[in-house]
Amino acid sequence: MASDVAATQQTSEEPQVALLNRPEVRSMLFQGLLTLAIIYLIYSGITNMFDALDRAGIASGFAFLNSSAGFAISQSLIEYSQSTSTYFDVYVVGVLNTLIVAAIGIVLATILGFVIGVARLSDNWIIGKLSKIYVEIFRNIPLLLHIFIWYFGVLRLLPHPRDSADFGFMGLLNNRGYFAPKPIWGDGSFMIFIAFLIGIVAAFMIGSWAKKRQMATGQQFPTFWAGLGAIIGLPLLVFLVLGAPLTWDIPVAGGFRPSGGMTMIPEFIALLLALTTYTAAFIAEIVRAGILAVNKGQTEAAHALGLRQNKTLNLVIIPQAMRIIIPPLTSQYLNLTKNSSLAVAIAYPDLTSVFAGTALNQQGQAVEFISITMLTYLTISLVTSMFMNWYNARMALVER
Amino acid sequence: MSDNNISYVRTEMLEEQPAPLSEKGPVAWVKNNLFSSVPNTIMTLIGLWILYKIIPPFISFVFLESVWTGADRAVCATEAQGGVQGNDWFGGCWAYVGAYMKQFIYGRYPDAELWRVNLTGILFFGSLIPLLIPSAPYKSANIIFTVVIFPVIAIVLLTGGHLEFNGFLLPDSIMAPSTAKFAVDFVILSLIIAGIAALIARGSDKNPMPSVMGALFFMGAVAVIFIVLGVNFGLEHVETPIWGGLLVTLVIAVTGIAAALPLGILLALGRRSNMMFVRLFSVIFIEFWRGVPLITVLFMSSVMLPLFLPEGVEFDKLLRALIGVALFSAAYMAEVVRGGLQALPKGQFEGAMALGLNWGQMMRLIILPQALKLVIPGIVNTFIGLFKDTTLVLIIGLFDFLGTIQLSYSDPTWSSPVQNITGYAFAAFIYFLFCYFMSRYSTFMEDKLNTGHR
């Protein structure tokens, strides 16, 4: 009772505190002033901008998106023509080109990075040192220089189209790019695609059934091979049943440029090689650190339990290492996507190059073009990191 | 006893023998590390094959076949290309690098004024290197020189100083823009700041005099800096568009990091603040800059930033790029510093508060010294990233080190098929040198700071 009384007395007569020494007053004042300052900055920036646009006679707004662009783009995944396509089409072409180089780059860099990261831990002295030298050289040279070396240095050494390097069925390679055979699907090919989808679903079902059975009986099932069989075998079966409805359009060497087939422009090859080799060096370090971070006791305990070397790796080491690897790997994926904007230096038609570059120079509406470009990259970054956070949460250690 | 002949027992001990060659020494090492098993042997052979493919051509290009002296392209071209070399010659053209060396380092900075750049460089490395060595003495004096005095000297030396200040506060109708108006404006601003300091002190029941004196002292120091920048030392003015080469690379990287560090610390503190709006602004700022590529930031600062400035205010291209680079790296720096803040145990904050320190004192005396020390490796790594990213300014038309090399290819005097390979090899070598030593330093600091944790 006595302490209650003391407490009420303490709260009833508050100590005399100077106004600015009260934390809540300070906090309100400070936040208010900061908000006002930021609003003022934004307001004055925008008014200055409209004044400047008026003086220069530049229109504002997004009406330009529907007007005809009138310039050619060397690579596009959708239908694009110089005469009819609009700036919106340019934007879509740019985004798709960015995404394709980033997606292929991420896959290749992950593979190369894991190989080099594991090789760095190899018992073999030469392989270990070679991987170390690779990592040190590739990550200490700026990416832009990598791109220049591939594009202006290495790819310029490729032969003229007249004397293309001919890989027969695998296509042609010359200084105008890589010309790959193009698949032409015959009638009923959509059945193969459906079989492929069914295969994926089946693989998932086999996986969950095998897991359930292992939990119940302890018996294992070769999930990986069964899944692979479903995903690849089923479409292959349908393909053979349909009588192999596939022909290849193989490029033929010509005087100026080869005809037929699919073209991979040199800018794409250079950018892809540079992004892959550069990012792989960083991924290798992440993989190495992740594997080293798994306690040696884990390996020893697994061996003591009687697991073989490959089971130890698959069931004990890799799952634990992945938890350490995934968060920094995410930021490398994001870096690679953002770094693909360096394409502008060699005129690969990515988002920055065609939209914030060529299209902006034609239209002059800097604010709109740059904002759209930045927001697009921001969206890609946020979506990628959200997906990887979700994946990371799934892989994370579940503790009670 | 003579019957007990034990002649079969050794009477003399053998000398100690070295371990057999198969267990120790180079042969055993090769056997254990390179040929211990069949897969290992295959890997070794693959490794040797890769080395064979890389090293002889590399040595031949860089040393054996390369050309070190010469006046023009003839020494670096084959006979078929109009030169003097044999037709299957392929080597580095170091003569071209030598001829262009001055431009690679200084750009088009006037010959007569090169001593200014050299002096700045000597002062910079002379003050930075002792700062980076943990055991070097006079740290606080060194920091003050590097952070406050050196930048002023560098601006005066590199641009030529004698900057014009035209006033910023009073409307032009009251007083025409001139140096005198700037002085008047500056005095008015100082008085306003002193007044605010007095009000804050009054509001928190303190004696206002120390705050006012502190504010005036600070503004006095700022005034000295402005005077030094404004005085005519008789140095020729060198416009930034003719700067180039390694000079521009270093100016952008160093200024970028110098501006990013304080801004990054503020943002990191803001992100960990209890105040909702402060935290919100910090998070938006950091995540925005981290989510966009540097190229778009540079495009923004070169084409969009001029629109946001009031009429008549103009920044030159280098300064605009610097603003973009500084904001961009501030966001990355903020995340590095936040890592340091999060690594400190909560007891440090609570202990500081229990001692009765206010927020500023707590941060300045207890938290930041520990947190920043923890993240020195992270700061160096951010700097390495920034140093490599400075190459991007060539896309907006500034000539940094890589930009000058790229530019030199348009000169027909040295044009030959090996010219660009030589130039890129040289650029790669220089960037590698800088980045490799910085990353060594970062590892060294990491090891030094790690003591006691393992």
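I started with the sheet in chain A: four strands make an open, antiparallel sheet in the order S1-S2-S3-S6. Strand S1 (165–166) and strand S6 (262–264) of chain A are the edges, each with a single partner strand, so one side of each has no neighbour in the sheet. Strands here are DSSP E runs of at least two residues, helices H or I runs of at least four, numbered from the N terminus; strands pair if DSSP finds at least two bridges between them.

Ground rules: this is a predicted model, where local features need pLDDT of at least 70 and side-chain atom pairs pLDDT 80 or more, while totals for chains, interfaces and linings use all residues. Residues count from 1 along each chain as written, chains are lettered from A and ligands numbered from 1 in written order, and side-chain values use heavy atoms, without hydrogens and water.

Next I zoomed in on one pair. S2 (172–174) and S3 (177–180) of chain A pair antiparallel over three bridges, and A:Leu173 has A:Tyr178 as its bridge partner in S3(A).

Last, I checked B:Asp185, in helix H6 (179–203) of chain B. B:Asp185 counts as buried, because its relative accessibility is 0%. Beyond neighbours within four places in sequence, B:Asp185 contacts B:Gly167, B:Phe168, B:Leu169 and B:Leu170 (heavy atoms within 4.5 Å).

Conventions
Buried < 20%, exposed > 50% of the residue type's maximum accessible area, 1.4 Å probe, protein only.
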